Amino acid sequence: MKMTGNYATIFLLKLIKITEGGREPVGIYLNPGNRGFQTILNGIYVDKTGLIDYVSRTVNTPQKLTSFSRPRRFGKSFSAKMLCAYYDKSCDSRSLFEGLEISKRDSFEKYLNKYDVIYLDITRFISIATSVNKVIADIQTKVIEELREKYPSLIGERENILADALFSVSRKTGNQFIIIIDEWDALFREAKNDAVIQKEYVQFLRGLFKGGTATDETIAAAYMTGILPIKKYGTESALTDFQEFSMADPLDLSEYVGFTEQEVLQLCKQYMVNFDDVKQWYDGYKFEGSDSVYNPNSVIKAVRYKRIRNYWTQTETYESLKNYISMNFDGLKDSVLSMLGGEQIKVKINTFQNDITSFMNKDDVLTLLIHLGYLGYNAERQKTFIPNQEVADAFADAVRGDGWKEVGDLIQESEDLLEATIRCDADAVADALEKVHHLNSSVLQYNNEAALRSAIMIAYYTARRIYKIVPEFPQGKGFADLVFLPRRGSDQPVMIVELKCDKDADTAIRQIHENRYGGDLKKYFGNLLLVGINYDKDTKGTNAKKHSCIIEKV
């Protein structure tokens, strides 16, 4: 029998065994092999293979469709390549997983290299497409081409619907597929204003995962990752059968959002980097029932280069932050100011449509920033906050733009304020705090002591680099309003700050002494600065809203 063209090539490929153990040749989209995961293991690697156990427990169950969204540089693609290496039947990955967490699980042997895997990196399709409106057609054409190479007699030459091609293979062979989609939302971000392309893309995904007999026969499991959760239309997800995990609520996958504290501690020991510094800069994402979670990209760079710095602004999402801040929805500026001051802000996340254009109010912008990783979220209290020093610095840089000049100026002046405090220039401190307090407080909020405390935290923004600022610090006979504890390597004094309203700064200093707030702090840290601050709540007269300050060196 004479064979020509594609069929001859297919026949020859089936005769040639180019991988160890007689495995089939790897593809780009169908069974891409384990090379990607091999490369990951060659670098600084933190074992996240426990995620495989979760996905395996969903195989051929009603929960088999998983969507796990996380910010850029939080390990999404690493996880996708890891899952490919584990499930892909075209390769032998046993040696790659030996000694890792998954090898200790009962599920390890069950699905190891047992499935045809379809791997779709949506950003890659966008980058090679001649235009964005051809991306969906390209996905289907290229994947069907590889399917036809492996199963030449099972897919018709005119077949151009991927879901139908997969179903044809499964129906005739009994084989099922595991589908892994990386950066699922890239098309929503690239064609953010094109509702036609977005709708076509959603229909394509629904065709793959629409449920019923076809999906049950075809798909054993699916894992989809992106920055944003699945697009919503109104209150309903566009893909209702998916189990969703996100930065707002990662549920029992929280340890896979980033690096856990124990993992970071181990990395710091291994690479001889100070853990306290890493914690200050990259910790802060906290989820119900889990320990702290760290930004993986920044931690890896910090231990590799042994430099603690802001790596966040080196990512493309930093430009996005500036754009969203510049929208300046009503109340957004006040919220950002309060969070820069260490406060947590109430936010409603349910109205967000999971895209980057449908903003109705400041809550939608804040929710987007949660998914981008610029804000942490406390689901139990429904509050958001700036998680760490690295992100705080990114916010500080971003608010120096149009409409936020006065905020940027205050942050710039915070270094001068710290220097004035340390040299005991009480008048300069009082003037600076008064300026910040006026800016950060509306008429209704001004007489709230929490507003003054927030104003002080903002005013001393720069101090966070060398101080840990602790509100309501338990010491002596009570709680000091604010205590500034020097960080490792700093020779600056401890600062104890007491706040008063409609009294005087002398009363504040006297309370510090009488309640012995200095206590053991002097014993452990050496020099102390006692800072008493008073402000006049009255809105009339020569002393209206005036601040006074006394600084005493111990």
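**Note on the predicted model: pocket, sheet and cores**

1. The largest pocket holds about 1200 Å³ of space, in a structure that is a predicted model. Of the 34 residues that line this pocket, Pro-387, Asn-388, Lys-468, Ile-469 and Arg-487 are the closest to its centre. Several elements each supply at least two residues of the lining, namely helix H14 (275-282), strand S12 (376-378), helix H19 (389-398), helix H22 (449-459), strand S14 (467-475) and strand S15 (478-486).

2. An open sheet of 5 strands can be followed in the order S2-S3-S4-S1-S7, and its pairing is parallel. Strand S2 (116-121) and strand S7 (243-245) are the edge strands, each pairing on one side only. On average, and with direction ignored, neighbouring strands of this sheet are turned by 10 degrees against each other.

3. Within this sheet, strand S4 (residues 219-226) is largely enclosed by the rest of the structure, because 8 of its 8 residues are buried. Strand S1 (residues 65-69) runs parallel to S4 and is joined to it by 5 bridges, with Phe-68 standing opposite Thr-225 of S4. Strand S3 (residues 177-182) also pairs with S4 in the parallel sense, over 5 bridges, and here Ile-178 has Ala-221 as its bridge partner in S4.

4. Helix H3 (residues 50-58), for its part, lies across S1, S4 and S7 and runs at about 135 degrees to S4.

5. The largest nonpolar core has 105 residues, of which Tyr-87, Phe-97, Leu-369, Tyr-374, Phe-395, Tyr-460 and Phe-484 touch the most other members. Helix H4 (residues 76-87) gives the largest share of this core, with 7 residues. A second, separate core is made up of 45 residues, including Leu-30, Ile-126, Val-202 and Phe-204.

6. Tyr-460 deserves a look in the viewer. If its neighbours within four places in sequence are left aside, Tyr-460 is in contact with Ser-414, Leu-417, Leu-418, Thr-421, Val-429, Leu-433, Ile-469, Phe-484 and Met-495. Among these contacts of Tyr-460, Ile-469 is also one of the residues closest to the centre of the largest pocket, while Phe-484 is, like Tyr-460, among the core members that touch the most others.

7. Not counting residues up to four places away in sequence, Asn-310 touches Trp-281, Glu-390, Asp-393 and Ala-394. The C-alpha atoms of Asn-310 and Gln-389 are separated by 8.4 Å, although the two residues are 79 residues apart along the chain.

8. Helix H17 (residues 332-340) is mostly covered, with 8 of its 9 residues buried. Just after H17, Gly-342 takes a positive phi of about 95 degrees.

Note on methods:
Residues numbered from 1 in each chain as written. Predicted model: local features only at pLDDT ≥ 70, side-chain atom pairs only at ≥ 80, totals over all residues. Heavy atoms only, no water. Buried < 20%, exposed > 50% of the residue type's maximum accessible area, 1.4 Å probe, protein only. Helix = DSSP H or I, 4+ residues; strand = E, 2+ residues; numbered from the N terminus. Pairing = 2+ DSSP bridges. Core = buried A, V, L, I, M, F, W, Y, C linked by side-chain atoms within 4.5 Å. Contact = heavy atoms within 4.5 Å. Axes fitted to C-alpha atoms, helices over the stretch in contact; angles between N-to-C directions. 1 Å grid on protein atoms, 1.4 Å probe; cavity = no way out; pocket = protein on both sides within 12 Å on 5 of 7 lines; lining within 4 Å. Points joined across faces, edges and corners; volume = space filled by probe spheres on them.
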